[in-house]
Amino acid sequence: MFEKSVAELSRALGSGEVSAVELAQLFLARIERFRAFNAFLDMRPEVTLAQARAADRMRAEGRATPLTGVPVAHKDIFVTRDFASTAASKMLAGYMSPFDAAVVENMARAGMVTLGKVNCDEFAMGSSNENSAYGNVANPWNPGAVPGGSSGGSATAVAARLAPAATATDTGGSIREPAAFSGITGIKPTYGRASRWGMIAFASSLDQAGIMTQSAEDAALIFNAMLGFDPRDSTSIERASEDYTRDLAMPVKGLRIGMPKEFFGKGLKPDVEAAVRAALAEYERMGAHLVEISLPNAELGIPVYYVIAPAECSSNLSRFDGVRYGHRASEYRDLADMIKKSRAEGFGPEPKRRILIGTYVLSHGYYDAYYLQAQKVRRLIADEFQRAFRECDVIAGPVTTSVAFGFGEKAADPVEMYLSDLYTIPGSLAGLPGMSIPCGFGDRGLPVGLQLTANYFEEARLLGVAHRYQQATDWHRRMPGGIA
Amino acid sequence: MRADWEVVIGLETHAQLATKSKIFSGSSTRFGALPNVQASAIDLALPGVLPVLNAGAVECAIKFGLAVGAKVAERSIFARKNYFYPDLPKGYQISQYEIPVVQGGSVTIHVDGVDKTVQLTRAHLEEDAGKSLHEDYHGMSGIDLNRAGTPLLEIVTEPDMRSSAEAVAYAKALHSLVVWLGICDGNMQEGSFRCDANVSVRPKGRKEFGTRCEIKNLNSFRFLEQAIEHEITRQIDLIEDGGRVVQETRLYDPDRNETRSMRSKEDAMDYRYFPDPDLLPLEITADAVARVRAGMPELPQAMRARFEAQYGLPAYDAATLTASRGLAGYFEAAVAAFGGDAKLVSNWVMGDLLGRLHEADLGADAAPVTPAMLGGLLKRIADGTISGKIAKEVFATLWVEGGSADTVIEAKGLRQISDSGAIEKIVDEVLAANPKSVEEFRAGKDKAFNALVGQAMKASRGKANPTQVNEILKRKLAG
């Protein structure tokens with residue numbers, strides 16, 4: 001049962017083959033058994049089981065949705081009433097929120113059962129999960145490899161079948177990169193589709209919640225419950241709710257798939273390129289047309305991102321001052337000293353680095369040269385995607401230059417680490433929906449991801465295109481060894 | 001002020017907007033609650049919260065923009081002003097920086113009988129911070145976040161004022177305008193309306209401005225005047241003694257009547273403003289402006305002109321009656337209820353009514369004598385039922401006991417005596433009792449006539465029709 005997809009679990013729950021309580025117990029036991037992966041930061045079995053019992057009651061009373069009783073893990077960036085919410089930072093050790101994040105609320109309303117909170121990079125800043133204050137997360141495919149980040153705990157939880165689904169967030173690639181490294185399906189919707197209410201902010205203009213699952217079909221089922229307009233988030237987009245499963249059966253015959261030539265150039269490792277090209281050939285075989293497109297400014301994505309994201313983060317993280325909640329230094333001389341020491345002790349090196357960069361680029365005299373300029377280039381990159389979408393329906397390419405790297409391999413060189421997000425950042429800057437689906441294996445038997453990007457609000461089409469591939473291949477059903 | 005110096009003043013005013021809830025959260029803005037009971041998760045800046053703009057605050061800004069003839073921006077931007085302070089929960093204040101919602105405009109002031117126009121630079125929306133409480137916590141400070149997130153309109157003038165009197169006149173005109181518009185309660189003790197003054201001096205005739213100092217947080221007109229006066233003297237003394245004014249922020253201490261330095265330009269903070277990514281640009285459509293315009297009250301200046309034209313009132317009366325919307329409304333309602341001479345209404349409103357309102361510290365809306373009651377009273381003066389003097393007595397009774405003029409007149413038997421037979425009888429008695437006055441009158445002393453009229457009125461306990469008393473007395477003395 002543990003290896004089943006959300007769609008399969010939904011059917012099993014519907015037919016009475018399994019109860020929500022049984023599923024909760026099964027996954028709680030697995031999480032316990034694979035504690036060494038360090039995917040989970042907070043578990044409260046009594047809370048999980050109470051939710052499972054409520055889900056079974058919903059079903060008994062005929063109020064079940066397709067997701068009622070399906071377990072899910074939440075990235076520790078979402079605040080929750082019943083579990084600690086730390087953003088994987090010492091700053092928020094043990095912090096209990098008085099309210100649930102909107103996506104947590106939405107999924108609970110559909111009857112999904114929370115297994116616990118999963119590890120991530122501190123305040124979602126990182127590409128390997130090595131920045132968590134609570135330790136590394138193992139990649140179940142290879143204990144020496146990183147799971148990716150920042151949603152590394154979510155990726156490992158789904159890859160190791162510790163949860164059929166896990167929420168995640170993407171600011172510059174934090175869903176797609178770990179999904180690729182861990183051999184699972186991960187999707188971020190259009191910016192504004194998922195409410196940011198209750199998501200601990202890193203870079204507000206980029207942060208977007210998404211989901212990690214085994215398949216595109218599962219993601220579509222969950223999006224139906226998870227997304228939607230929220231008046232509490234001013235950047236949430238007011239649109240009629242839609243059925244994200246509606247295009248799952250749509251054939252790809254005649255679909256124009258754009259291949260950005262810049263994403264197949266220098267730096268792309270041969271093992272990754274081979275798997276990605278094979279996937280594109282598969283689409284061709286199914287009747288899609290491959291079109292070469294160009295995103296000439298995409299390479300500026302990284303410098304632009306590392307101005308905008310730190311600028312916003314330097315301001316977003318100012319609220320952690322030790323005054324009202326969170327870590328407060330035990331000894332200090334005066335107010336300024338209290339704030340300085342609390343922040344110096346509470347934040348890890350990566351948030352500190354980004355706060356410094358962000359403070360610098362927003363400083364008087366530098367603002368125009370950095371922040372304003374970065375915003376202009378961001379606009380150019382977004383426009384470039386719009387031009388590309390005149391020539392193609394979806395854009396496909398690699399998610400990362402390489403398969404998952406080893407622990408410590410890039411930790412010493414922040415810039416090298418930042419380059420991990422080369423292919424994912426442009427889409428984030430444009431606010432486009434994007435996903436990663438497993439498309440084979442590369443060096444050391446590690447998974448390779450295929451990145452698919454669609455135009456604004458075309459999540460249903462994106463999921464349909466991914467689903468057709470997953471109907472024709474079985475990469476997404478492969479599991480790491482040793483987890484059975 | 002010394003004759004060879006010119007003073008240059010600009011004001012920045014924070015008007016707290018009279019919305020029920022905060023600018024970015026649903027918490028109440030009521031004043032005086034127990035600490036932190038009006039602080040929601042948003043006001044506390046808990047992890048994961050987001051701001052949502054209160055449309056009511058925007059409407060206030062539009063009203064203000066229309067009232068001062070400013071441009072209401074179709075698109076303005078909320079920006080974050082970043083600094084650490086314990087009563088600033090997010091570590092930044094949401095304000096407007098490069099593109100404010102209200103641009104330009106002007107306010108007209110009257111000083112020494114002269115009209116002067118003060119140009120506004122801008123007015124922008126922002127949130128207030130909380131309060132640090134330094135007493136009663138045994139060496140620690142308390143934080144009250146009830147005020148955090150209260151909507152403010154910061155109104156900035158050009159450096160157009162040339163004396164403390166002009167600055168005070170501007171502050172008063174602005175105060176009465178925002179209260180008139182209903183966008184601010186104007187309560188200065190509670191901090192709903194507070195000014196910062198930028199003051200500099202220069203030798204008369206010089207074009208360039210002198211170095212300015214900003215004096216913070218002046219929450220009464222008297223403090224504003226004293227602080228500016230003090231600052232002018234300080235700057236002139238400094239320069240005349242060969243020193244230089246240093247650009248800095250100064251705090252006024254009303255107990256010592258002096259300003260002292262808070263921070264110099266060198267330690268000025270870098271607020272690292274940038275557009276708030278949690279809020280979309282504020283877009284105000286022409287339709288929205290038109291809707292607000294349709295609901296705007298008549299503005300004081302227009303009303304003053306109308307009062308002069310429509311009611312034939314002197315300029316002084318029109319200005320006094322339009323000092324507040326409540327008083328102006330009272331006057332117009334009383335005119336309608338009375339139906340007679342508007343000048344008579346004006347005299348009563350400016351006289352007995354205002355006097356008693358001041359005494360009781362009440363607004364015109366709360367006057368125990370309503371416009372209808374006053375109208376009823378004036379009708380009885382006009383139709384000769386009572387004299388003006390008796391009317392004052394009736395007014396006093398109405399103020400305390402309520403009722404109508406007619407019931408009071410009846411109950412107290414105050415109806416004027418207009419029966420000439422009865423008045424003749426009174427006059428005969430007065431003439432008989434005051435032979436000395438009669439003699440003096442006949443000897444050519446006009447004053448004696450007035451004394452006799454007074455005696456006759458007194459004998460009637462004020463109720464005799466004075467015109468008839470005059471006529472009858474004249475006739476009898478002549479005869």
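Contact here means heavy atoms within 4.5 Å. By that rule, and not counting residues up to four places away in sequence, Tyr283(A) touches Val252(A), Ile257(A), Ala288(A), Ile437(A), Leu450(A), Leu452(A), Val465(A), Ala466(A) and Tyr469(A). The model is predicted, so to speak of local features requires pLDDT of at least 70, and side-chain atom pairs count only at pLDDT 80 or more, while totals for chains, interfaces and linings use all residues. Side-chain values use heavy atoms, with hydrogens and water left out.

Buried, in turn, is under 20% relative accessible area, exposed is over 50%, and partly exposed is in between (1.4 Å probe, protein chains only). This core has 161 residues, and those touching the most other members are Phe40(A), Phe123(A), Tyr283(A), Leu452(A) and Leu463(A). Helix α9 (residues 301-316) of chain A gives the core its largest share, 9 residues. Helices (H or I, at least four residues) and strands (E, at least two) are DSSP runs, numbered from the N terminus. Apart from this core lies another one of 68 residues, with Val107(B), Val168(B), Leu181(B) and Ala288(B) among them.

Leaving out residues up to four places away in sequence, Ile308(A) touches Ser205(A), Leu206(A), Tyr371(A), Ala374(A), Gln375(A) and Arg378(A). Its C-alpha atom is 18 Å from that of Glu416(A), a residue 108 places away along the chain.

Next comes Thr185(A), which sits in strand β5 (residues 185-188) of chain A. Thr185(A) counts as buried because its relative accessibility is 0%. Its side chain makes a polar contact with the side chain of Gln470(A), at 3.0 Å. A polar contact is a pair of N or O atoms within 3.5 Å; within protein, one must be able to donate a hydrogen and the other to accept it, and residues adjacent in sequence count only if both atoms are side-chain atoms. Beyond its neighbours within four places in sequence, Thr185(A) has contacts that include Ala179(A), Ile211(A), Met435(A) and Pro438(A).

Helix α5 (residues 152-159) of chain A is mostly covered, with 8 of its 8 residues buried. Those buried residues pack against β1 (40-42), β2 (71-75), β3 (113-118), β4 (165-170), α6 (176-182) and β6 (208-213) of chain A. Just after α5(A), Arg161(A) takes a positive phi of about 60°.

Most residues other than glycine have a negative phi, and most peptide bonds are trans. Yet the peptide bond from Gly149(A) to Ser150(A) is cis, with omega near 5°, and Ser150(A) lies in the loop between β3 and α5 of chain A. Asn129(A), found in the loop between β3 and α5 of chain A, has a positive phi of about 65° although it is not a glycine. Asn129(A) is buried, as its relative accessible area is 0%.

In chain B, helix α2 (residues 164-181) and helix α3 (residues 221-240) pack at an angle of about 155°, with their axes 9 Å apart. Axes are lines fitted to C-alpha atoms, for helices over the stretch in contact, and angles run from 0 to 180 degrees between N-to-C directions.

Definitions and conventions. Residues are numbered from 1 along each chain as its sequence is written. Chains are lettered from A and ligands numbered from 1 in the order in which they are written. A nonpolar core is a set of buried Ala, Val, Leu, Ile, Met, Phe, Trp, Tyr and Cys residues joined through side-chain atoms within 4.5 Å.
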